[in-house]
Amino acid sequence: MPALPSSLTRALLALSLSLLFTACSSAPPKPDVDYKSDYNFMGVKTVAFYKNSGEVSGDNPLRLSDMQRERIDTALARALELKGLQVIEDTSQADMLMSWHLTTQHKTDVRTYQSPSYGAYGGVGYHPYNRYSRYSCWSCAPTQTEVRVQDYTEGTFIVDMIDPALKQSVWRGVTQSRLKADVEQDQARYNEAAERMFASFPPP
C-alpha cells in the first residue's frame, strides 16, 4: 500500500479530538502533576480561560477546528465545576486562569523479531523432523531477523493553572500518548479524560 501524503495524514489526525486525551488503550492516560507547594489553592473559587489557551505547536502541528477546541474547553470546565469551582468568562474577576496547550513530535518505533525461515524448509542442514523422534521440530528451523519500523506522532497535552497576580503557573498536569487518527465525537470520552486530569486538583 502506498504511503499517504503527509498533508493527508495531518488531516486525518486533526479529525479526532480523542488524540488530545486518549492513548492506544481504552482508558485515558494518567497525568503527571506538579504544583507550587506553598500556594493556597483553597482560596480559589472562580476560574476563567486564559486568552492564549488552546495553542498547538510542534514539528507536526494540528489544525484544530472551533468545534474541537470547544469540546476540550467544555470537558475541562466541567471537570473543574465537579470540583466545586465556578468557571466564568471575565478573566479580571477570576481567582485563577486555566490554559491548555498541545505539542506534537514525530517518533519512530523500531522493533526486531526473530521468525522461522520457512524458505529454508527442506534445505541443507534442516529437516522438519527431529532426527531422534518423529514429531515436528520447530526449534530445528533456522531463523531470520525481521525489522519493523513504524512512524507515529506523539502528543503532549498540558494544562496550566495560572495565578493572575503572580502571572505564573502554580499547577500543571501533563499527559503523553500516541495520537490516533480515528474520529471521536463523544463528549463523554473527553469529560472522562478531563476528570482524570483534574483528579488531584486542588492539591491537598
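These entries record what I looked up in the predicted model shown above.

**Entry 1. Conventions.** I worked with a predicted model in which local features need pLDDT of at least 70 and side-chain atom pairs count only at pLDDT 80 or more, while totals for chains, interfaces and linings use all residues. I numbered residues from 1 along each chain as its sequence is written, and side-chain values use heavy atoms, with hydrogens and water left out.

**Entry 2. Overall make-up.** I looked up the secondary structure and noted 3 helices and 7 strands. Both kinds of element are DSSP runs numbered from the N terminus: helices are H or I with at least four residues, strands are E with at least two. Read from the N terminus, the order is α-β-β-β-α-β-β-β-β-α.

I then turned to burial and surface. The chain has 204 residues, of which 38% count as buried; buried means under 20% relative accessible area, exposed over 50%, and partly exposed in between, with a 1.4 Å probe and protein chains only. The accessible surface of the chain comes to about 12500 Å², and carbon and sulfur atoms hold 50% of that area. These areas come from the Shrake-Rupley method with a 1.4 Å probe, and for residues only the protein chains shown count as cover.

For contacts (heavy atoms within 4.5 Å), I took those between residues at least 6 apart in sequence and found that 81% join residues at least 24 apart.

**Entry 3. P31 and T175.** I located P31 in the loop between α1 (6-14) and β1 (32-35). P31 counts as buried because its relative accessibility is 13%. Leaving aside neighbours within four places in sequence, I listed the contacts of P31 as V174, T175, R196 and M197. I also noted Q176, which is 145 residues from P31 in sequence, with the two C-alpha atoms 7.9 Å apart.

T175 belongs to strand β7 (residues 168-178) and counts as buried at 6% relative accessibility. From T175 to M197 I recorded 22 residues in sequence and 8.1 Å in space, C-alpha to C-alpha.

**Entry 4. Helix α2.** I checked the length of α2, which covers residues 66-81. Its 16 residues reach 22 Å from first C-alpha to last, close to the 22 Å expected at 1.5 Å a residue; the expected span is 1.5 Å times one less than the number of residues. I listed the buried residues of α2 as Q68, R71, I72, A75, L76, A77, A79 and L80. An α-helix has 3.6 residues a turn, so residues three or four places apart point the same way.

- I found D38 paired with K36 at 3.4 Å, N to O. D38 counts as exposed at 61% relative accessibility, whereas K36 is partly exposed at 31%.
- I found R78 paired with E195, with 2.5 Å between the closest N and O atoms. This pair links distant parts of the chain, with R78 in helix α2 and E195 in helix α3 (residues 187-197), 117 residues apart. R78 is partly exposed at 32% relative accessibility, and E195 is partly exposed at 34%.
- I found D160 paired with R172, with 2.8 Å between the closest N and O atoms. D160 lies in strand β6 (residues 143-163) and R172 in strand β7, so the pair ties together parts 12 residues apart in sequence. D160 is buried at 13% relative accessible area, whereas R172 is partly exposed at 37% relative accessibility.

Technical notes: Salt bridge = Lys/Arg side-chain N within 4 Å of Asp/Glu carboxyl O.
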